[in-house]
Amino acid sequence: IQHTHKGCSLATVVVQSKPIISYQGTTSICEGTKLDLVAYGGVSYKWSNGSSSSRLEAYPFRSTVYSLTGYDISGCQSTVEIPITVNQNPVFEIHAEDSICRGFIAEMSAVGDADNYYWGFGTSTYDDAVSANDESVATEINTTTFIFVKGVDHNGCETNIYKPIYLKESPSIGYTGNTQACLGNEITLYAQGAAARQPLRFKET
């Protein structure tokens, strides 16, 4: 805007305020999960990853910093820095026998840096693994099955692993031999069905 005063031209300069840019969303996420941030306060935006949407969706694999620049209707801009923490998922392993005889109790333990463990047996998804919140469990095995374990740490990050347990059928045991003998005579019986067959001898007295 120009004004004339005593032959001199005067200009009035209007200084626009910068927009106040903010965002919403969780800035601490787990490894492999989606970062979802929404920008507010401007009419257009530019993120440091090149996105010009008001919403940033990304999968950072390590902790980083995103820059968000917001513009108002006059073209004025403000920039905010957004530090993002990517928490590593817990690491653990299952300790259990690979195979077990029918009807035996299988003892299993989870060893690692998770804070809580959730066990499932023969389930189709890890979300079904909601049994004991313990580092170790025991269960009777009557069929070949899978152990599903969900380990969750203090950040709420989780790792899912599974392990098969194969069923070993118990042998059908029998014997052959004469079970009748005269007093003082030796009786010999032979076991059948097991891997080792050693004769059993004893005297009837």
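Contact here means heavy atoms within 4.5 Å. The views below show a predicted model.

**View 1. Surroundings of M108.** Leaving aside residues up to four places away in sequence, M108 touches H95, A96, W119, F121, E135, S136, V137, T139, I147 and I165. M108 is also among the residues with the most contacts inside the largest nonpolar core.

**View 2. The largest nonpolar core, with 15 residues.** Besides M108, the residues with the most contacts inside this core are Y117, W119, I141, I147, V149 and I165. At least two core residues come from each of β10 (92-95), β12 (105-112), β13 (116-121), β15 (145-152) and β16 (158-168). β12 supplies three residues, the largest share.

**View 3. Another core, of 14 residues.**

**View 4. An open sheet of four strands.** The strand order is β4-β9-β8-β6, and the pairing is mixed. β4 (28-30) and β6 (44-47) each have a single partner strand and stand at the edges, so one side of each has no neighbour in the sheet. On average, with direction ignored, neighbouring strands of this sheet are turned by 30° against each other.

**View 5. Pairing of β6 with β8.** Strands of a sheet pair through backbone hydrogen bonds, in either a parallel or an antiparallel manner. For β6 and β8 (residues 64-71) the sense is antiparallel, and the pairing extends over four bridges. Y71 in β8 stands opposite S44.

Methods. Residues numbered from 1 in each chain as written. Predicted model: local features only at pLDDT ≥ 70, side-chain atom pairs only at ≥ 80, totals over all residues. Heavy atoms only, no water. Core = buried A, V, L, I, M, F, W, Y, C linked by side-chain atoms within 4.5 Å. Buried < 20%, exposed > 50% of the residue type's maximum accessible area, 1.4 Å probe, protein only. Pairing = 2+ DSSP bridges. Axes fitted to C-alpha atoms, helices over the stretch in contact; angles between N-to-C directions.
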